[in-house]
Amino acid sequence: TGAGLLPWLKTSFAKVYGVDIAPVLVKSVRERYTNVLVEVADVRHLPFQNDEFDAIVSIDAFEYFGTDVHLLPILLRVLKAGGVIGMTTPGLRPDPYEGEVPAKVWTLWGYEVAAWHTPDWWRRHWELSGLLEGIETSWQCDGVENWILWARAVRELKGAEENPLLAILHENYGQLGFVSATARKRVAADP
């Protein structure tokens, strides 16, 4: 559902659909944003027609499902030819398959960090599908700084003295970040 994007969508002229596997999040979105049509659904079984959307946006969720090589063709089924897909996801330097994961990062997030890939990894993953063109990936400018701001805000909302996430973000500043990736769904060649 990309809750961080929803305030902007509330004023958007676009027709917005969302899915989340968590019913409690879907209920919250429905209560707060009446112009967003949101459903409880697994991204692998989207309740939409083929070629229904001009764009697909995923914010801080692709790490939960996007590394599956079978996912992209399933997801792109609902995207029109020439449509745009964009996502952001946590990343780790070096890639978790090429270097050691810092112990405190592993302790806080566990196996999830195995999906925190670098921009190069995501570019190659999308290229291998053969379904996308114009693939662009990068480390987000100020990604860690924004993560720190978010962690501070959560700490304040909870009234907590400390937040272990903040310490880990500071200690591993050069290794953690956010990756962004965008591309267009390839237009099928004429037979």
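Good morning, colleagues. Please keep in mind that this is a predicted model.

I begin with strand β4, residues 79-92. Of its 14 residues, 10 are buried, and the strand is therefore described as mostly covered. Strand β3, residues 53-59, runs parallel to β4 and is joined to it by six bridges. Within that pairing, Phe 53 has Leu 79 of β4 as its bridge partner. β4 also pairs with strand β6, residues 176-185, here in the antiparallel sense and over nine bridges.

The largest share, four residues, comes from α7. By class, the lining consists of nine nonpolar, four polar and three charged residues.

My last topic is the salt bridges. A search of the whole structure finds 10 of them. One joins the side chains of Lys 104 and Glu 171, with an N to O distance of 3.2 Å. Lys 104 belongs to helix α5 (residues 103-109) and Glu 171 to helix α8 (residues 164-171), so this pair ties together parts that are 67 residues apart in sequence. Are these two residues buried, exposed or partly exposed? Lys 104 counts as partly exposed at 47% relative accessibility, and Glu 171 counts as partly exposed at 48%.

A further salt bridge is formed by Arg 186 and Glu 133, whose closest N and O atoms are 3.6 Å apart. This pair also links distant parts of the chain: Arg 186 lies in the segment after β6, and Glu 133 lies in strand β5 (residues 132-139), 53 residues apart. Relative accessibility is 40% for Arg 186, which counts as partly exposed, and 32% for Glu 133, which is likewise partly exposed.

Arg 30 and Glu 39 form another salt bridge, with their closest N and O atoms 3.6 Å apart. Arg 30 is partly exposed, having a relative accessible area of 44%, and Glu 39 is partly exposed at 36%. Finally, a network of salt bridges links Asp 42, Arg 44 and Asp 68.

Thank you for your attention.

Terms used: Residues are numbered from 1 along each chain as its sequence is written. This is a predicted model: local features need pLDDT of at least 70, side-chain atom pairs count only at pLDDT 80 or more; totals for chains, interfaces and linings use all residues. Side-chain values use heavy atoms; hydrogens and water are left out. Buried means under 20% relative accessible area, exposed over 50%, partly exposed in between (1.4 Å probe, protein chains only). Helices (H or I, at least four residues) and strands (E, at least two) are DSSP runs, numbered from the N terminus. Two strands pair if DSSP finds at least two bridges between them. Ala, Val, Leu, Ile, Met, Phe, Trp, Tyr, Cys and Pro count as nonpolar, Asp, Glu, Lys and Arg as charged, and the others, Gly among them, as polar. A salt bridge is a side-chain nitrogen of Lys or Arg within 4 Å of a carboxyl oxygen of Asp or Glu.
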